[in-house]
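Dear colleague,

Please find the structure below, with its sequence. My notes on what was found in it follow directly after.

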Amino acid sequence: MSNPHPHPVTAPPPAPSEQDLLPPKVDVDVHAPLLTYWRQRERQHLRDVYAGVRIKKFPEDLRVFEHVLWLSRTDVVVELGTHLGGSALWFRDRLRTQAAYGRTSVPVQVISVDLAQERAAAILAEADPDYAREITLVEGDVGDPALAERVRAMIPPGARCLVVEDTLHEYPTTLAALDHFADLVPEGGFFVVEDGIVDDPELRPPGMPGGVVPAVRDWLAGPRGAAFRMRRDLERYGLTSHPYGWLQRVAAA
Ligand SMILES: C[S@@+](CC[C@H](N)C(=O)[O-])C[C@H]1O[C@@H](n2cnc3c(N)ncnc32)[C@H](O)[C@@H]1O
């Protein structure tokens, strides 16, 4: 008698529930202080989701990223701080859109760096089995100057690069990221230092020591920073997690 089940039947993993795919809801009392709303939004952004993958960014900041990617004709995003990979996926999809509009000149790519990448690799493979075609996960420490050289070797000639620093949000790591990676940014391009909110005592998430904004200011005042301008005018939507962090190169490297 032939086997009625020629292939072993294995139970598929449970599908994520709608609640897994949505950020926590924020309730607004428009008469309450803005700080109450801010705190809810800050908590929410830690549990937001893109294409089924956790992403830690405010929607308002994602819109600003869309503007700067467009304005600077970015082809390659170098992301420092992958976490679970949601932001790498988001940047990849935005770059694909840029390419569809003819705003890129070389094949698009996201190079995303973290201390360890095993978890992000597994999550990204589940979200998009073909993710590695345009997203390269790199293991390394932003404090290591050799890491920047490894990343530089992956960038195709002529690519216009945007760098986003989203690692530890302390003074030494912020300074190291700027020192080691800013020269990947072409004239007109952007280096985005995330989460300057850690330096505002009222906005600082619990347990974060701060040091991001002082590092940005010190670096801009030094010889390498002279070629960059702080674009506070790009904090267009009022709410941002990255005050003082939108930096544009205005002179050649
Ligand atoms: C805020 S999370 C990144 C969030 C992600 N970019 C997003 O928007 O969803 C910060 C990540 O930086 C990594 N990190 C911390 N210190 C680092 C360092 N010195 N070098 C590289 N990555 C680091 C952590 O492992 C963590 O995954």
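A132 counts as exposed, at 52% relative accessibility; exposed means over 50% relative accessible area, buried under 20% and partly exposed in between, for a 1.4 Å probe and protein chains only. The residue is placed in the loop between α4 (118-127) and β5 (135-139), where helices (H or I, at least four residues) and strands (E, at least two) are DSSP runs numbered from the N terminus. From C-alpha to C-alpha, A132 and A121 are 8.9 Å apart in space and 11 residues apart in sequence.

Please note that this is a predicted model, in which local features need pLDDT of at least 70 and side-chain atom pairs count only at pLDDT 80 or more, while totals for chains, interfaces and linings use all residues. Residues are numbered from 1 along each chain as its sequence is written, and side-chain values use heavy atoms, with hydrogens and water left out.

Salt bridges

A salt bridge is taken as a side-chain nitrogen of Lys or Arg within 4 Å of a carboxyl oxygen of Asp or Glu. By this rule the count is 17 salt bridges.

K57 and D166 form one of them, with their closest N and O atoms 3.2 Å apart. K57 lies in the loop between β2 (53-55) and α2 (59-72), and D166 in the loop between β6 (161-165) and α6, so the pair ties together parts that are 109 residues apart in sequence. Both partners are buried: K57 has a relative accessible area of 2%, and D166 is at 15% relative accessibility.

R92 and D93 also meet through their side chains in a salt bridge, at 2.6 Å from N to O. R92 counts as buried at 4% relative accessibility, and D93 counts as buried at 15%. Salt bridges with shared partners join R92, D93, R96, D128 and E134 into one network.

A further salt bridge links the side chains of K25 and D27, at 2.5 Å from N to O. Here K25 counts as exposed, with 66% relative accessibility.

Buried positions in the helices

S87 is found in helix α3 (residues 86-100) and is buried, with a relative accessible area of 6%. Contact means heavy atoms within 4.5 Å. Leaving aside neighbours within four places in sequence, S87 is in contact with I55, K57, E79 and T82.

A177 lies in helix α6 and counts as buried at 0% relative accessibility. Not counting residues up to four places away in sequence, A177 touches L80, E165, A182 and F191. A177 and F191 are 14 residues apart in sequence, and their C-alpha atoms are 9.8 Å apart in space.

In helix α7 (residues 212-221), the buried residues are V212, V213, A215, V216, W219 and L220. Seen down the axis of α7, these residues fall within an arc of 160°, so they line one face of the helix; the arc is that of the directions from the helix axis to the C-beta atoms. They pack against α6 (171-181), β7 (190-193), β8 (228-230) and β9 (246-249).

Pockets

Rolling a probe the size of a water molecule over the atoms shows where empty space is left. On a 1 Å grid over the protein atoms alone, a pocket is an open set of points where a 1.4 Å probe fits, with protein on both sides within 12 Å along at least five of seven lines, and lining residues have an atom within 4 Å of a point. Grid points are joined across faces, edges and corners, and a volume is the space filled by probe spheres set on the points.

The largest pocket has a volume of about 580 Å³. Its lining comprises 30 residues, of which K56, D166, T167, L168 and H169 lie nearest its centre. The elements that give two or more residues to this lining are α1 (34-45), β2, α3 and β4 (109-114). By class, the lining of the largest pocket divides into 11 nonpolar, 11 polar and 8 charged residues; Ala, Val, Leu, Ile, Met, Phe, Trp, Tyr, Cys and Pro count as nonpolar, Asp, Glu, Lys and Arg as charged, and the others, Gly among them, as polar.

The second largest pocket holds about 420 Å³ of space. Of the 16 residues that line this pocket, P16, D20, L21, G52 and E126 are the closest to its centre.

With kind regards
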